[in-house]
Amino acid sequence: MVDPRHLWKADERIKLAREDHKAAQLAYQRQCWEKAPGLETLDKAIHRTVVQAMSAALRSGTDPTTAVEAARRENLAAQKERLALLERAGIDPATLENTPLCSLCKDTGSAGGKVCRCVLELCIQENLAELKTVLDLTAMDFSNVSMEWYPTTFDPEFGMSSREAAQTVLEVCRDYARDFPDYPCDNLFLYGGTGLGKTLFSGCIAKEVAGKGHWTVYVTAAELFAHYEAVKFGRDEGGKSQEQVERYQSCELLVLDDLGSEMTTPFVQSALYQLLDKRMNRRARTVISSNLTMDDVRSRYTSQVCSRLEGAYHALPFFGKDIRLQRREKGLH
């Protein structure tokens with residue numbers, strides 16, 4: 001699945017690239033014409049013989065055989081003379097061929113009845129550029145996750161140490177991103193206190209999944225519900241919020257950050273249920289991060305919302321000491 005906005009931008013980029021490519025080819029052709037006097041005349045003669053042959057073949061009421069054969073002979077003679085001229089001028093004939101930018105789709109944008117890979121690559125670039133506006137993609141890499149910030153002290157509440165839990169979460173998130181969309185569990189719920197790595201882990205997933213060509217949207221809960229409210233209460237100028245809501249509901253992977261930071265009004269409860277329900281019905285994958293514990297979720301949201309979060313999400317706990325505070329104590333940024 002491709003974001004229509006990314007597809008439109010990719011199409012515009014391809015059109016510009018084709019125009020630049022065609023202009024470069026024409027410029028090179030003119031250079032060759034200047035370098036090899038007579039080449040322009042031969043090129044135009046070859047083109048003329050092709051047109052003559054086509055016209056004769058399409059002309060009704062007459063036998064085109066003689067005219068087509070004459071055009072063919074003239075064409076072959078011109079081609080032979082052209083090759084000799086190019087050889088004398090030291091010009092490779094292959095460089096004058098009108099080659100497309102993409103050999104697979106011949107610059108049509110589709111191959112085998114599907115969107116061509118050249119278009120999909122540009123869509124990936126557009127998706128990553130969009131993610132870059134809200135995430136530091138350079139830092140969002142699983143190789144940047146360090147276990148040193150998670151204590152090895154046993155925590156009786158969770159039955160393991162913070163480091164053991166973080167290692168398990170890392171393995172799940174890494175496998176989820178690597179195997180997307182075929183990971184056994186469709187959805188993840190990352191929860192725990194602030195500064196424990198939830199945004200890093202979810203950002204790593206977003207970057208890797210988008211980089212493989214899957215339409216990925218990353219949004220904070222506050223921004224998401226603001227768009228829902230704009231649509232509901234008539235504050236949607238130009239339909240931009242409606243477009244965003246549709247993207248949240250339709251994208252292959254939605255990464256919803258900081259759930260619980262929003263004001264939990266009846267409208268927000270309804271919007272959250274609508275979002276979760278629609279994405280589940282479409283088998284669209286969702287990763288949610290939250291500072292709320294599962295007990296907080298049960299006390300804060302409706303039973304319908306909790307049912308979906310508990311029944312369809314793999315809950316992954318984060319606990320320990322705020323990594324940002326630890327880094328500050330060590331004089332690190």
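## Packing of helices H9 and H11

Helix H9 (residues 266-281) packs against helix H11 (residues 303-312) at an angle of about 35°, and their axes lie 9 Å apart. Axes here are lines fitted to C-alpha atoms, for helices over the stretch in contact, with angles running from 0 to 180 degrees between N-to-C directions. Helices (H or I, at least four residues) and strands (E, at least two) are DSSP runs numbered from the N terminus. The crossing of H9 over H11 is left-handed, a term used if the near helix is turned anticlockwise from the far one by less than a right angle.

On the H9 side, the contact (heavy atoms within 4.5 Å) is made by Gln269, Leu272, Tyr273, Leu276, Asp277 and Met280, and on the H11 side by Gln304, Val305, Arg308, Leu309 and Ala312. Seven residues of this contact are nonpolar, two are polar and two are charged. In this division Ala, Val, Leu, Ile, Met, Phe, Trp, Tyr, Cys and Pro count as nonpolar, Asp, Glu, Lys and Arg as charged, and the others, Gly among them, as polar.

## Basis of the model

The model is predicted; local features need pLDDT of at least 70 and side-chain atom pairs count only at pLDDT 80 or more, while totals for chains, interfaces and linings use all residues. Residues are numbered from 1 along each chain as its sequence is written, and side-chain values use heavy atoms, with hydrogens and water left out.

## Pockets

The largest pocket holds about 630 Å³ of space. On a 1 Å grid over the protein atoms alone, a pocket is an open set of points with protein on both sides within 12 Å along at least five of seven lines, a cavity is a set where a 1.4 Å probe fits but cannot get out, and lining residues have an atom within 4 Å of a point. Grid points are joined across faces, edges and corners, and a volume is the space filled by probe spheres set on the points.

Of the 27 residues that line the largest pocket, Gly195, Gly197, Leu200, Ile323 and Arg324 lie nearest its centre. Helix H6 (198-211), strand E7 (253-259), strand E8 (285-290) and helix H12 (323-329) each give two or more residues to this lining. Its composition is ten nonpolar, ten polar and seven charged residues.

The second largest pocket has a volume of about 380 Å³. It is lined by 16 residues, with Gln25, Leu26, Leu96, Glu97 and Asn98 closest to its centre. Helix H1 (residues 4-35) gives the most to this lining, seven residues. Four of the lining residues are nonpolar, six polar and six charged.

## The cavity

The structure contains one cavity of 30 Å³ or more. The volume of the largest cavity is about 80 Å³. Its lining consists of Met1, Val2, Asp3, His6, Leu120, Cys123, Ile124, Asn127, Ala210, Gly213, His214 and Trp215. Helix H4 (residues 117-132) supplies the largest share of this lining, four residues. Seven of the lining residues are nonpolar, four are polar and one is charged.

## Salt bridges

A salt bridge is a side-chain nitrogen of Lys or Arg within 4 Å of a carboxyl oxygen of Asp or Glu; by this rule there are 22. One joins the side chains of Lys44 and Glu40 (2.8 Å, N to O). Both residues belong to helix H2 (residues 39-58), where they are four residues apart, about one turn of the helix.

## Backbone features

Most residues other than glycine have a negative phi, and most peptide bonds are trans. The peptide bond from Phe180 to Pro181 is cis, with omega near 5°. Pro181 is placed in the loop between helix H5 (162-179) and strand E5 (187-192). Lys106, although not a glycine, has a positive phi of about 55°; Lys106 lies in the loop between helix H3 (65-89) and strand E1 (110-111).
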